[in-house]
Structures are given as structure tokens and as C-alpha cells.
Amino acid sequence: MSVKLTTRQVGDVTVIDAAGRITLGEGSSTFRDSIKDLTTKGHKKVLLNLAEVSYIDSSGIGELVSGFTTVSNAGGNLKLLNLTKRIHDLLQITKLYTIFEVFDDEAKGLASFN
Amino acid sequence: MSNLENPNNVIVDEYLESSLDSVDSSEERAKTVAEQVGLPEDDAYQVGYAVREAMVNAIVHGNRYSANKRVHFVLSRTESSIQVLIEDEGTGFQPERQADPLAEENLLSQSGRGIMIIRSFVDEFVIEKAEHGGTRVVLRKSIPPGT
């Protein structure tokens, strides 16, 4: 299963609920297109919920970083929510934990934008 | 040269086409075999992950998706480990030229993390030039004693 992205608006924060695998190919491009689309439409507060993402490869990690950069360059912020242990470990190994703001509570994640 | 063991039980020995389907299938086979030989779930996941990353390197950067090039995929077990050889038909790879993905100035790079993750997921990882000029990698994960 490739990644499935569902977007919802909570106040001025856009929450992306991701599910499946973010890997080289379709999964990565789906994610990239979605982030570009959001920033084009002026969404600058993005909370990416990875609770249902079962797997992310290095290409997918690259897309997370690219998404972070894209939103930041548009003057916004992309933050992460609900990492599985495996994704958490990958962010530790790659030192990306120092880049991303990460939350395990949606309310706290939402509040952090204000 | 590495101290990788000579495999005494070859489980898979195939030449795969340069496609993302080959990446998926080799990852799945490696993970399944790792589980079958008794590796804990997390270790089996790491073997599958490492194989996926190495296959992506072989197919995307080595063979460049060429329909005329194959990836040699050999999965074997020794007494104490599971071992995977992946060899492409590209023009070679120089790992020393890779930027350090953990350097502060590279943290926001979109790519370049695969090999570092492989190294952290397996017990031994060797990159060498194959006889025909491509790149051969061998990765090994230990099987816990008593398994």
C-alpha cells in the first residue's frame, strides 16, 4: 500500500493524516505534490500526523525534509505528530530530530502554532 | 577486505530487473528469510530496510533503471548470520565522495542518508568495486545465539 493523505483544517492549522508507506516512487511523489499544493494555496501551518505510517524509507525521509523546507521557505512551519517508534528511531539516527518539532499529542501540536 | 563469512546456505540467487518492483520484492524476501531464521521482528525489519536501501542504490544510481542491466541478488545464511550480496552493472560508486549526512550543513539535504542507515541497521556492510566495474555491496546481520 502506498501512502494515503487526508487533509483536515483545525482552525488555521492544516492537519495531514498520512497512512501507509512513504517510499521511493508513488509514495514519495504523492507526499511531495500534496505539500506543494498546500503551500501554493497559502497554508503555512502544517501538522503532519504519521500515526498510521507503517514505513518510511530514506527517500521518504528526504521528502519529509523537502516538505519542511518548502513550507519554511513559504514562511510557514511543518511539524510532526504521532511518530511510531520506528520512525522516531529513524529521525534519531539521521539527526532530524534536531530539525523537526515533534508532538505526540495533537492538541499540543495545534497549540504550538499560536 | 571484510571478515564476512563464506555463506554455506544460499537461499536466493537471482538476477533482477532494474525496477522498483525488484526493490519491493527483495526487501520482502530478505525480511521473510530473516524472520524464518529466527531474527527478532525489529532485526528482520532492519534487514529488509537495509536491503531496500541497497537495492535502490543499485537500481537508481547504479543501473539507472536500465532495462538492459540486472541486479545480482544473493541471500544466504551462515551458521551465525544472514548475508545479502547486491551487485549492479553500473559504473561504480565511491562512498568516500559522499557528503556526511549528519553534518549540520547537510541535515536539510533531500538525499544521501541511505548508506548511513544501512550501516546502523546491520552488523557489517561492505562496499566494493565488482570485477566488471559495477558496485557490489554485502551486508550481514548476526543471528542471536540459541536461535
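Predicted model: local features only at pLDDT ≥ 70, side-chain atom pairs only at ≥ 80, totals over all residues.
**Helix H3 of chain A**

Start by selecting residues 85-93 of chain A, which form helix H3. Show the side chains of A:Ile87, A:Leu90 and A:Leu91, the buried residues of this helix. Look down the axis of H3(A): the buried residues fall within an arc of 100°, so they line one face of the helix.

Just after H3(A), select A:Lys95. A:Lys95 sits in the loop that runs from helix H3 (85-93) to strand E5 (102-103) of chain A. Most residues other than glycine have a negative phi. Is A:Lys95 buried, exposed or partly exposed? A:Lys95 has 16 other C-beta atoms within 10 Å, so it is partly exposed; a buried residue would need 20 or more.

**A tyrosine in chain B**

Move to chain B and select B:Tyr65, in the loop between H2 and strand E2 (70-77) of that chain. Phi of B:Tyr65 is also positive, near 60°, and this residue too is other than glycine. B:Tyr65 counts as exposed because it has 12 C-beta neighbours inside 10 Å, and the cut-off for exposed is 12 or fewer.

Next select residues 124-129 and 135-142 of chain B, strands E4 and E5. The two strands run antiparallel and are joined by six bridges. E4(B) and E5(B) make a hairpin, with five residues between the strands. In the turn, click on B:Gly133, whose phi is positive at about 105°.

**Where the chains meet**

Finish by displaying both chains and selecting the residues in contact between them. Chain A gives 14 residues to the contact and chain B gives 14 residues. On the side of chain B that touches chain A, highlight helix H2 (41-62) and helix H3 (114-121), the elements of chain B that give two or more residues. Colour the residues on that side of chain B by type: seven are nonpolar, four polar and three charged.

Key. Residues numbered from 1 in each chain as written. Chains lettered and ligands numbered in written order. Contact = placed C-beta atoms within 7 Å. Helix = DSSP H or I, 4+ residues; strand = E, 2+ residues; numbered from the N terminus. Nonpolar A, V, L, I, M, F, W, Y, C, P; charged D, E, K, R; others polar. Pairing = 2+ DSSP bridges. Arc of directions from axis to C-beta.
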